[in-house]
Amino acid sequence: MHPDEVTVQEMKQALDNPQLGIKVLDVREPDEYAIAHIEGVPLLPLSQLAERFTELDPNQAYYLHCKMGGRSMQALQFLRQQGFKKSQERRRGITAGA
């Protein structure tokens with residue numbers, strides 16, 4: 001596993017334990033989010049990330065996820081270029097399962 005990746009279990013642990021201080025972001029598009037999403041996980045579509053990344057705290061740890069992993073990796077690379085050093089992504093996305 002790559003150091004920028006988190007497992008399904010790690011993502012669930014972050015969701016179940018807010019005291020860990022890790023926020024999960026969904027980088028899919030609104031139509032996908034409307035079909036199915038994880039309760040409490042905010043949507044920040046990859047297509048809007050360049051315009052909206054300033055809404056995020058660069059010192060915050062984020063786990064990014066999408067459907068299959070491609071967009072979350074793109075989002076992670078973009079955020080890293082903007083100085084977000086504590087972010088990781090759920091590789092292979094939510095379709096990968098446990």
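Modeller: With a definition: a residue is buried if its relative accessible area is under 20%, and exposed if that area is over 50%. Bear in mind that this is a predicted model.

Colleague: Tyrosine 62 and phenylalanine 84: buried or exposed?

Modeller: Tyrosine 62 and phenylalanine 84 are both buried. For the protein chain, 40% of the 98 residues count as buried.

Colleague: How is a pair of aromatic rings described?

Modeller: The description uses the distance of the centres and the angle of the planes. The centres must lie within 6.5 Å; planes over 60 degrees apart count as edge-to-face, under 30 as stacked, and the rest as tilted. By this rule there are two aromatic pairs.

Colleague: Why is the pair of phenylalanine 53 and phenylalanine 78 edge-to-face?

Modeller: Because the planes of phenylalanine 53 and phenylalanine 78 stand at 80 degrees, with ring centres 5.4 Å apart. Phenylalanine 53 and phenylalanine 78 are both buried.

Colleague: And why does the pair of tyrosine 62 and phenylalanine 84 count as tilted?

Modeller: The planes of tyrosine 62 and phenylalanine 84 are at 50 degrees and the centres are 6.3 Å apart, so this pair is tilted. Tyrosine 62 is in strand β2, and phenylalanine 84 is in the loop between α4 and β3 (88-89), so the pair ties together parts 22 residues apart in sequence.

Colleague: Now the strands. In what order do they form the sheet?

Modeller: The sheet is open, with three strands in the order β1-β2-β3 and parallel pairing. Its edge strands, β1 and β3, each pair on one side only.

Colleague: How many bridges join β1 and β2?

Modeller: Five bridges, in the parallel sense. Isoleucine 22, for instance, has alanine 61 in β2 as its bridge partner. Between β2 and β3 the pairing is also parallel, over two bridges; leucine 64 has glutamate 89 in β3 as its partner.

Colleague: Why is strand β1 described as largely enclosed?

Modeller: Strand β1 (residues 22-26) has four of its five residues buried, so the rest of the structure largely encloses it.

Colleague: Last, the whole chain. Which elements does it run through?

Modeller: From the N terminus, the order is α-β-α-α-β-α-β, giving four helices and three strands. The C-alpha trace spans about 30 × 30 × 25 Å along its principal axes.

Colleague: What share of the contacts joins residues 24 or more positions apart?

Modeller: Such residues account for 61% of the contacts with a separation of 6 or more. As for the surface, the protein chain exposes about 5700 Å², of which carbon and sulfur atoms supply 52%.

How values were computed. Residues numbered from 1 in each chain as written. Predicted model: local features only at pLDDT ≥ 70, side-chain atom pairs only at ≥ 80, totals over all residues. Heavy atoms only, no water. Phe/Tyr/Trp six-rings, centres within 6.5 Å; stacked < 30°, edge-to-face > 60°. Buried < 20%, exposed > 50% of the residue type's maximum accessible area, 1.4 Å probe, protein only. Contact = heavy atoms within 4.5 Å. Areas by Shrake-Rupley, 256 points an atom, 1.4 Å probe, with all protein chains shown as cover. Pairing = 2+ DSSP bridges.
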